[in-house]
Amino acid sequence: MNARAEPTHVTPAFDVERVRADFPILQIEVEGKPLVYLDNAASSQMPQQVIDRLVRYQSTEHANIHRAVHTLSERATAAYEEARAKLQRFINAPDAREVIFTSGTTEAINLVMHGYGRKFIKAGDEIILTTLEHHSNIVPWQMLAEETGAILRVLPINDAGELCLDQFEPLFNAHTKLVGVSHVSNALGSINPVRQMIALAHARGVPVLVDGAQAAPHMPVDVQDLECDFYAFSGHKLCGPTGIGVLYGKAALLEKMQPFKGGGDMILSVSFEKTIYNTIPYKFEAGTPPIAAAIGLGAAVDYLSAIGMDTIARHEHALLQYATAQLNDLPGLRLIGTAENKAAVLSFTLDGIHPHDVGTLLNQDGIAVRTGHHCAQPVMARFKVPATTRASFAFYNSMAEVDALIAGIRSVQKVFA
Ligand code: 7TS
């Protein structure tokens with residue numbers, strides 16, 4: 001499978017086979033076939049460098065953090081805070097205090113809902129979301145709306161899966177309190193014009209939460225350039241462990257917010273009369289955090305930064321173009337999501353074949369894709385499909401794997417012919 005020469009439009013400086021050698025799981029076989037892992041939007045794989053860092057932490061550094069003077073606790077604390085500094089640099093946050101470790105994007109958004117929403121959003125206030133949002137950037141806001149009487153307004157998309165930007169400004173009024181928008185759609189791959197949207201929202205004094213779960217792994221993210229107020233992403237989509245993610249928030253906002261969870265570490269002092277909360281970021285990190293996972297995520301962003309997020313974006317774009325051209329040539333295949341500005345996500349349907357059958361048959365060829373609604377049911381409703389098959393790429397995917405996908409789809413179509 002790897003014998004095929006890489007097409008010439010791939011940046012010569014990027015050697016995908018060398019990168020692939022770092023990932024033990026990419027060497028395994030599934031159903032007797034070399035694994036072709038194209039479910040990266042759900043979760044990406046971990047290079048040996050990150051696995052080694054986790055082993056080193058567990059073997060020589062583990063203890064609880066922020067609480068003891070013994071050597072291991074000091075080591076673990078230093079490694080955990082060093083990971084925070086690495087994440088700060090990765091997104092170019094001005095201050096490490098603005099980087100809060102959460103369990104993932106979902107918890108990060110829920111933190112904003114509880115910490116910001118429940119304090120500042122009241123009955124009649126409005127929150128602007130988009131049709132493209134993952135359920136985790138919809139449901140928390142519905143819960144808030146139900147609790148407070150706030151109102152959700154939704155920015156629609158066009159037939160290509162692009163946000164209807166001309167309809168954004170008219171959604172604002174004196175009651176608008178927050179905008180929540182994904183940087184990249186997980187179901188369609190559309191890259192949203194978040195920088196422009198943030199500028200429009202700020203002109204009306206409205207803060208913006210960006211769901212960066214599908215952007216941070218695939219392109220350089222600079223929160224100062226975006227000027228976003230909040231930016232959320234997950235470690236496990238970024239070659240890091242599960243159970244860890246980040247909420248970036250502007251310090252001035254985080255300081256005004258109420259804590260999300262109460263417990264140890266998030267306080268300066270506790271008495272039954274009065275508890276004084278800790279400073280940021282600790283105010284939002286109650287209890288023992290996922291220390292190992294945070295350190296692993298630090299190693300993961302080191303790994304990605306060494307390759308270069310620009311290089312990663314370029315290679316993935318070449319994969320997208322190569323795959324799109326071939327998918328467009330397949331009769332009976334409908335691509336869902338054809339935004340001009342797209343990340344390497346390919347959602348499609350095949351005439352007369354249910355996506356779950358497509359996924360099951362592809363798996364028999366060792367090809368891992370996701371089928372279903374991708375936790376984005378409003379997107380499925382917009383395109384009037386119950387589900388799609390989704391191939392989502394990472395920088396370690398090769399052109400040969402695109403060929404394997406195309407061959408796999410052809411044989412699925414033959415089975416159902
Ligand atoms: N936001 C977006 C845009 C996502 O793609 C996902 C996960 C989440 C939030 C939630 O992230 P979590 O790490 O907290 O679960 N998306 C997907 C997906 O596309 N397939 O599986 C999970």
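Modeller: Let's go through helix pairs, then the pocket, then the backbone.

Colleague: What kind of model is this, and how are residues numbered?

Modeller: This is a predicted model, where local features need pLDDT of at least 70, side-chain atom pairs count only at pLDDT 80 or more, and totals for chains, interfaces and linings use all residues. Residues are numbered from 1 along each chain as its sequence is written, and side-chain values use heavy atoms, leaving out hydrogens and water.

Colleague: OK, how do H4 and H5 cross?

Modeller: The axes of H4 (residues 105-120) and H5 (residues 139-148) come within 9 Å and cross at roughly 25°. That makes H4 roughly parallel to H5, a label for angles under 35 degrees. Axes here are lines fitted to C-alpha atoms, for helices over the stretch in contact, with angles from 0 to 180 degrees between N-to-C directions. The helices are DSSP runs (H or I, at least four residues) and strands are too (E, at least two), numbered from the N terminus.

Colleague: Which residues make that contact?

Modeller: On the H4 side they are Ile109, Asn110, Val112, Met113, Gly117 and Arg118, and H5 brings Pro140, Trp141, Met143, Leu144 and Glu147. Contact means heavy atoms within 4.5 Å. These residues divide into seven nonpolar, two polar and two charged. Ala, Val, Leu, Ile, Met, Phe, Trp, Tyr, Cys and Pro count as nonpolar, Asp, Glu, Lys and Arg as charged, and the others, Gly among them, as polar.

Colleague: And at what angle do H2 and H9 pack?

Modeller: H2 (residues 48-60) and H9 (residues 291-307) pack at about 145°, with axes 9 Å apart. Residues in this contact include Arg53, Leu54 and Tyr57 of H2 and Ile295, Gly296 and Tyr303 of H9. By class, the contact of H2 with H9 has nine nonpolar, three polar and one charged residues.

Colleague: Switching topic: how much space lies in the largest pocket?

Modeller: About 290 Å³. A pocket is an open set of points on a 1 Å grid over the protein atoms alone, where a 1.4 Å probe fits, with protein on both sides within 12 Å along at least five of seven lines. Of the 18 lining residues, His183, Ile191, Asn192, Pro193 and Asn341 are the closest to the pocket's centre; lining means having an atom within 4 Å of a point. The lining has eight nonpolar, five polar and five charged residues.

Colleague: Last one: where is the cis peptide bond?

Modeller: A cis peptide bond joins Ile280 and Pro281, with omega about 5°. Pro281 lies in the loop between strand E12 (275-277) and H9.

Colleague: What about the phi of Asn92?

Modeller: Asn92 has a positive phi of about 55°, although it is not a glycine. Asn92 sits in the loop between H3 (71-90) and strand E4 (99-102). Most residues other than glycine have a negative phi.

Technical notes. Parallel < 35°, antiparallel > 145°, perpendicular 65-115°, else oblique. Points joined across faces, edges and corners; volume = space filled by probe spheres on them.
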